[in-house]
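Have the sequence and the coordinates open as you read.

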Amino acid sequence: MASKAEIRKQELRDKLIVAAEVRIRRDGAGALRARDLAADAGCAVGAIYNAFDDMNAIVMAVNGRTFQALGQAVHQSLDGAEAAAPTRRLILMSNAYLAFAAENTRLWRALFDVQAEEAEVPDWYRAALDDLFSNIAAPVAEIYPDKAPEDLVLMVRALFSAVHGIVLLGLENRISGVPVDQIERMISEVLSRLT
């Protein structure tokens, strides 16, 4: 059973994560400041560092929640489409990814703006990313049944990178992107060429 001190620490962690999520959603991860977060959570600045090692750890905790929500959105995009052609399922998942990114742009961006050395990335974070990739892996394996496992992993990452790049450039309204209302069409054009 957890001690009172452990319970209070977890409660503070939860408050800080929720407060940080609100701030990141509104202002982006780069604007997250300890003083503002402490005020939002109703604690002293020093208390933050009793609950988390640093501000990056708080962003990682928020990202964990974001990964769960993104994974749920991608997974739900397949409801009723489990028997659809693999390319169709990839397009549905990509459209869900786009919709999530468009509705939660700053939280979504924080997933990929993590400032951590490879060795510092927690196992749960890698598992969340692997879970996202596993959604892509099943239809890719159906499209390319003769590919070696290591080639499938590379293909999954390549397709994710392609879709992510289209979404990123489109949502940031970069000159090399396409208008937001055409992003779904562009993704569909790319993915429909797989078979």
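## Helix H1

This is a predicted model. Helix H1 covers residues 4–27, and at 1.5 Å a residue its 24 residues should span 34 Å.

Which residues of H1 are buried? They are Leu12, Leu16, Ile17, Ala19, Ala20, Glu21, Arg23 and Ile24. After H1 comes Gly28, with a positive phi near 95°.

## Where H6 meets H8

Now let us turn to H6 and another of its neighbours. The axes of H6 and helix H8 (residues 149–171) come within 13 Å and cross at roughly 135°. Because of that angle, H6 counts as oblique to H8. The crossing of the two helices is left-handed.

On the H6 side, the contact is made by Thr105, Trp108, Arg109 and Phe112, while H8 brings Phe160, His164, Val167, Leu168 and Leu171. By type, the residues of this contact comprise 6 nonpolar, 2 polar and 1 charged.

## A closer look at His164

His164, which lies in helix H8, deserves a moment of its own. Is His164 buried or exposed? Its relative accessible area is 15%, and buried means under 20%, so His164 is buried. Leaving aside residues up to four places away in sequence, His164 touches Tyr97, Trp108 and Phe112. Trp108 and Phe112 are also among the H6 residues that make the contact with H8.

Notes: Residues numbered from 1 in each chain as written. Predicted model: local features only at pLDDT ≥ 70, side-chain atom pairs only at ≥ 80, totals over all residues. Heavy atoms only, no water. Helix = DSSP H or I, 4+ residues; strand = E, 2+ residues; numbered from the N terminus. Expected span 1.5 Å × (residues − 1). Buried < 20%, exposed > 50% of the residue type's maximum accessible area, 1.4 Å probe, protein only. Axes fitted to C-alpha atoms, helices over the stretch in contact; angles between N-to-C directions. Parallel < 35°, antiparallel > 145°, perpendicular 65-115°, else oblique. Left-handed = near helix turned anticlockwise from the far one by under 90°. Contact = heavy atoms within 4.5 Å. Nonpolar A, V, L, I, M, F, W, Y, C, P; charged D, E, K, R; others polar.
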